[in-house]
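Here are my notes on the model you sent over. Have the structure open while you read.

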Amino acid sequence: MEQHTADELQAPDWLNDQFFLEVIRKAQNDPSITLCHGCKLRPGTNPGDHFGSVMFRTAVHYRSNRFQSERAISLIMKTTTEAEGYKKEVLKDNSLFDTEIKMYSEVLPAMSKVLEEAGEHLEVPRLIYGAIKPHTIIVLEDISPKGWQTGRELVTSFEEALPTIRNISKFHAASLVLHQTSMDLSTIHAQIYTKEFGGGLEIFYKGFDDFCDAVQTWDGCDKFAPKFKDLKGVIKKKLQQVYISNSKGVGYNVLNHADLHWKNLLHKKTSNDRIKDSMLIDYQCCNWGSPAVDVLCLLDMVVDHETKKNYRKEVIYEYYQHFVEVLNKLGFLGSVPTLTDLHIELLRKGILEVFHVVVFEQFKHTELTETTLEDINSGQLENPGFGKEQYLNVVRTELPLLMYKGLLD
């Protein structure tokens, strides 16, 4: 079992009782608040299970002149760490934290408001405090005591995926309405995906190039090998195009979560361990652009391959139907995209699906942690899927479908 690393166990010195006292006083607008006892910090994630931040949890117990009894709130903190390897590029500025603070402080509250007024609800963690200076940190209410569990595995049925499908459709619909009426969301771009800031993803581009070499030697892949030989070296440019907003008259744009995968979900479950509700978390990579980004992630990074294979059309259709339903409830005055428009977007941005199958599918069969990525980046670990029959079976199933759509050209 992997152990917590030093940065996951050792919080920065400034993350102390005085900090929490000031945060709670500000959040409650109550200078009379005092702490009942010290705040004990503990790791906020499973070992190695963080990438763009380090997370801690604590419970703050406090009293005030305004009330007699002791109160408590559970908090989760996201902050930076001394980064090495591939993470240096990811964390070389505060753009991820800037985006997430804007999302939690401005965009998500505005979304929640318009949705509530229309009888819809989007569950999001409550922001308690966020700042870049003097220290970069985001403090959220920790909702795990309320029954929310971290998504540790892929969703294995269409029915259990429905809450996430509908959450993404609501998120997209609300973004379209906000952008039309009150908030310019086109300025939200995830720099991690742009040409200028692509270094943090080099490990994944390398994984794609490794696949292009390996597929040349695999039995039964003769007709795919030349296509991947041509894709090698140009994947970065093609993938960056996926995240560039559609220009006027070409497709349509929404605000994408853009980092949608099974570990960025929280679930509530029934007594027999079935998902009954889900919540999106980690809004640091949000990006204004084609809805294909999140819809393809629903298919490749949220549900397992069997569910994708058996319910691909249903996932897309359910997403679209709920998207239109919410747009109508919100009184959207623009031209409502058609289902055909969505399918065109999925084809136009289809290189992302190729990348998912080639690179990220491997991590469904190997635990994806910070340590895993560092080991791959340093050359200590080979691409984790190449020797696994489960991964190779998915590749053999998906490559013909991708080729017939013209996505390997």
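The points below cover a sheet, the helices by it and the cysteines.

1. First, a reminder that this is a predicted model. Please read each point below with that in mind.

2. Start with the sheet. Three strands make it up, in the order E7-E9-E10, and the sheet is open with antiparallel pairing. Its edges are E7 (149–150) and E10 (275–280), each of which pairs on one side only.

3. Now the E7 side. Strand E9 covers residues 265–269, and E7 pairs with E9 in the antiparallel sense through two bridges. If you want a residue pair to look at, take Gln149, whose bridge partner in E9 is His267.

4. On to the E10 side. E9 and E10 run antiparallel and are joined by five bridges. Here Lys268 stands opposite Asp277 of E10. These two strands form a hairpin, with five residues between E9 and E10. Have a look at the turn as well: Asp273 sits there with a positive phi of about 70°.

5. What packs on this sheet? Helix H5 (residues 158–181) does, and H5 touches E9 and E10. The direction of H5 makes about 30° with that of E10.

6. H5 also has a helix partner. Its axis and that of helix H9 (residues 292–302) come within 11 Å of each other, crossing at roughly 160°. Angles over 145 degrees count as roughly antiparallel, so H5 is roughly antiparallel to H9. As for handedness, H5 passes H9 in a right-handed crossing.

7. Which residues meet where H5 and H9 come together? From H5, they are Thr164, Ile165, Ile168 and His172. On the H9 side, Asp294, Leu298 and Val302 meet them.

8. Last, the cysteines. How many disulfides does the structure hold? The count is zero. Take Cys286 as an example: the closest cysteine sulfur is that of Cys285, and it lies 7.8 Å from the sulfur of Cys286. A disulfide needs the two sulfur atoms within 2.5 Å, so this pair is too far apart for a bond.

9. Are Cys286 and Cys212 buried or exposed? Cys286 is buried, at a relative accessible area of 0%. Cys212 is buried too, with a value of 2%. For reference, buried here means under 20% relative accessible area.

Notes. Residues are numbered from 1 along each chain as its sequence is written. This is a predicted model: local features need pLDDT of at least 70, side-chain atom pairs count only at pLDDT 80 or more; totals for chains, interfaces and linings use all residues. Side-chain values use heavy atoms; hydrogens and water are left out. Two strands pair if DSSP finds at least two bridges between them. Helices (H or I, at least four residues) and strands (E, at least two) are DSSP runs, numbered from the N terminus. Contact means heavy atoms within 4.5 Å. Axes are lines fitted to C-alpha atoms, for helices over the stretch in contact, and angles run from 0 to 180 degrees between N-to-C directions. Buried means under 20% relative accessible area, exposed over 50%, partly exposed in between (1.4 Å probe, protein chains only). Angles under 35 degrees count as roughly parallel, over 145 as roughly antiparallel, 65 to 115 as roughly perpendicular and the rest as oblique. A crossing is left-handed if the near helix is turned anticlockwise from the far one by less than a right angle, and right-handed if clockwise.
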